[in-house]
Amino acid sequence: MANPVAKNAHPVSPATQPQPPEKKSSGLTEIVLPVSGSDFIGNFEMVLPMLAHLSHQTQNRWLTWITTTEISKADLSTYGFQLQNVQVVRVNQKDVSWVLWEALSNGTSSTVVANVEHLSKLDFDNFDSACRQGNCRGLIFRSRH
C-alpha cells in the first residue's frame, strides 16, 4: 500500500525547510597557540578571522577581549572585525581572572576572549560556570611553551 502522505507531499527546498531555533552555545573553550615571537597580533593570526566572524554575531552584546597587551582596533579592523561590537579591556596580570569572571558572568557579552597563561581545573570549571551564568561563549587563549 502506498504511503498517502508521501504521495501528496511536495518537495521542499532546503532554503524553505523549517529551521530549528538557533542554539546559543555557552561554555569555555581553551585554545593553545604556537608562539611566533613578540608580535602579539602575529600570535593570533590563525584565529583572528574566527573572532572577526564572532564580532558580527553578537546580537546587541559585546565581543569582549581581555588582555594584558595592547590590541589596536586598527589591527582588528584589518581582519574585518565589527568594531562597534568589540570592547578591548586591557588589565594588569593580577586582575585578569577577576575581570574575566565578571565579563563571562554578567550577561553583556556574547563572547569573551582572554589571554591566560595557566588555568587550573578549578579555574576552568569556575569560568565555565560563569559562561553558563552569563549565557556567553568564553575563549581562553594561551601560548605553547
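These notebook entries record what I looked up in the structure.

**Entry 1: the model**

I worked with a predicted model, in which local features need pLDDT of at least 70, side-chain atom pairs count only at pLDDT 80 or more, and totals for chains, interfaces and linings use all residues. Residues are numbered from 1 along each chain as its sequence is written, and side-chain values use heavy atoms, with hydrogens and water left out.

**Entry 2: the chain as a whole**

I began with the elements and found six helices and five strands in the chain. Helices (H or I, at least four residues) and strands (E, at least two) are DSSP runs, numbered from the N terminus. Read from the N terminus, the order is α-β-α-α-β-α-β-α-β-α-β.

I then looked up burial. A residue is buried under 20% relative accessible area, exposed over 50%, and partly exposed in between (1.4 Å probe, protein chains only). Of the 145 residues in the chain, 37% are buried. The chain exposes about 9,000 Å², and carbon and sulfur atoms supply 54% of that area. Accessible areas come from the Shrake-Rupley method with a 1.4 Å probe; for residues, only the protein chains shown count as cover.

Next I looked up contacts, where contact means heavy atoms within 4.5 Å. Among contacts between residues at least 6 apart in sequence, 74% join residues at least 24 apart.

Two strands pair if DSSP finds at least two bridges between them. I also noted that strands of a sheet pair through backbone hydrogen bonds, either parallel or antiparallel.

I followed strand 4 on both sides. Strand 2 and strand 4 run parallel and are joined by five bridges; Ile-66 has Ala-114 of strand 4 as its bridge partner. Strand 4 also pairs with strand 5 in the parallel sense, over five bridges, and Val-113 stands opposite Leu-139 in strand 5.

Strand 4 is mostly covered, with seven of its seven residues buried. I checked Asn-115, which is found in strand 4; its relative accessible area is 13%, so Asn-115 is buried. The C-alpha atoms of Asn-115 and Glu-30 are separated by 9.8 Å, although these residues are 85 apart along the chain.

**Entry 3: helices across the sheet**

Axes are lines fitted to C-alpha atoms, for helices over the stretch in contact, and angles run from 0 to 180 degrees between N-to-C directions.

Which residues of helix 5 are buried? In helix 5 (residues 96-105), I listed Val-96, Val-99, Leu-100, Ala-103, Leu-104 and Ser-105 as buried. Their cover includes strand 2 (62-67), strand 3 (86-90), strand 4 (109-115), helix 6 (121-134) and strand 5 (137-143). Glu-102 also lies in helix 5; at 32% relative accessibility, Glu-102 counts as partly exposed.

Helix 5 packs with helix 6 at an angle of about 30 degrees, with the axes 6 Å apart. Helix 5 contributes Ser-97, Leu-100, Trp-101, Leu-104 and Ser-105 to the contact, and helix 6 contributes Asn-126, Phe-127, Ala-130, Cys-131, Gln-133 and Gly-134.

**Entry 4: backbone angles**

I ended with two positive phi values. Just after helix 5, Gly-107 has a positive phi of about 85 degrees. Asn-135 is not a glycine, yet its phi is positive at about 50 degrees. Asn-135 lies in the loop between helix 6 and strand 5. Is Asn-135 buried or partly exposed? I recorded Asn-135 as partly exposed, at 36% relative accessibility.
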